[in-house]
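Thanks for coming, everyone. Please have a look at the structure on the screen, and then I'll walk you through it.

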Amino acid sequence: MRAYYYDNVPGDQRLPHDSGRTIAPAALSDLGIKHHHFPDDLDSVNAIARERSYKNRDEIEISPSTLPNYEEKVKTFFDEHLHEDEEIRYILAGGGYFDVRNKGDEWVRIRLERGDLMIMPAGIYHRFTTDEQNYTKAMRLFKEDPKWTPLKRGGETDGNHFRKEYLTGRDAAL
Ligand code: KMT
Ligand code: NI
């Protein structure tokens, strides 16, 4: 895992877009994001799922040969959105980028590779993309009856209950 400010330079979303300005892991925890590195260690993943009462999971292989309409899907994942539930992503193979909004509404890019596990709080605005290898195999863990629906950022999401709760929690943590 490595986190840095997104460079906002136009071009393919799958390029690194590395501004060269690194973000310390502590800054990610200030946003409510947790990270672990568990290569080849499903026991640790299961332990986290158990502790946090996760009931659902699936595996997704995001690549041109395994995901129908790959190019379209990759663009959809990159639409800024939030979820009404916390989500865990565990990278099984390949790599990819999660971009999350920081407190100043800037994009922070988080590079994830095999073994990386990330916990994202409900209500955080984010987006995802594969990298230039066009291959991410990930386990997606969901808490409850899945509220997996991505809610695309727009006027309504700013007033979303889970969004407001996230902001209150994030800003109280200081
Ligand atoms: C998300 O929440 O944006 C995703 O699940 C993206 C695909 S999983 C690596
Ligand atoms: Ni999402």
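**The nickel site and its surroundings**

Start with the metal: along the chain, the donors of the nickel ion (ligand 2) follow the spacing H-x1-H-x42-H. A word on the ground rules. This is a predicted model, where local features need pLDDT of at least 70, side-chain atom pairs count only at pLDDT 80 or more, and totals for chains, interfaces and linings use all residues. Residues are numbered from 1 along each chain as its sequence is written, chains are lettered from A and ligands numbered from 1 in the order in which they are written, and side-chain values use heavy atoms, with hydrogens and water left out.

So which residues are the protein donors of the nickel ion? They are His81, His83 and His126, each through NE2. Donors here are N, O and S atoms within 2.8 Å of the metal (3.2 Å for Na, K and Ca); water is not among the atoms, so sites may look incomplete.

Are His81 and His83 buried or exposed? Both are buried. Buried means under 20% relative accessible area, exposed over 50%, and partly exposed in between, using a 1.4 Å probe and protein chains only. His126 is buried because its relative accessible area is 3%. His126 belongs to strand 9. Helices (H or I, at least four residues) and strands (E, at least two) are DSSP runs, numbered from the N terminus.

Now the polar side chains. His81 has a side-chain N or O atom 3.2 Å from an oxygen atom of ligand 1. For His83, a polar side-chain atom lies 3.1 Å from an oxygen atom of ligand 1. For Arg89, the distance from a side-chain N or O atom to an oxygen atom of ligand 1 is 2.8 Å. How much of ligand 1 does the protein bury? Taken alone, ligand 1 exposes 300 Å², and the protein buries 97% of that. Those areas come from the Shrake-Rupley method with a 1.4 Å probe.

Back to strand 9. Thr130 is in this strand too. Thr130 counts as buried because its relative accessible area is 1%.

For contrast, look at helix 4 (residues 155–158), where Asp158 sits. Asp158 is partly exposed, because its relative accessible area is 43%. From Asp158 to Arg57 is 101 residues in sequence and 28 Å in space, C-alpha to C-alpha.

Last, the backbone. Most residues other than glycine have a negative phi. Asn69 has a positive phi of about 55°. Asn69 is in the loop between strand 4 (56–62) and helix 3 (70–77). Asn134 also has a positive phi of about 55°. Asn134 is in the loop between strand 9 and strand 10.

Technical notes
Polar contact = N/O pair within 3.5 Å; in protein donor to acceptor, adjacent residues only side chain to side chain.
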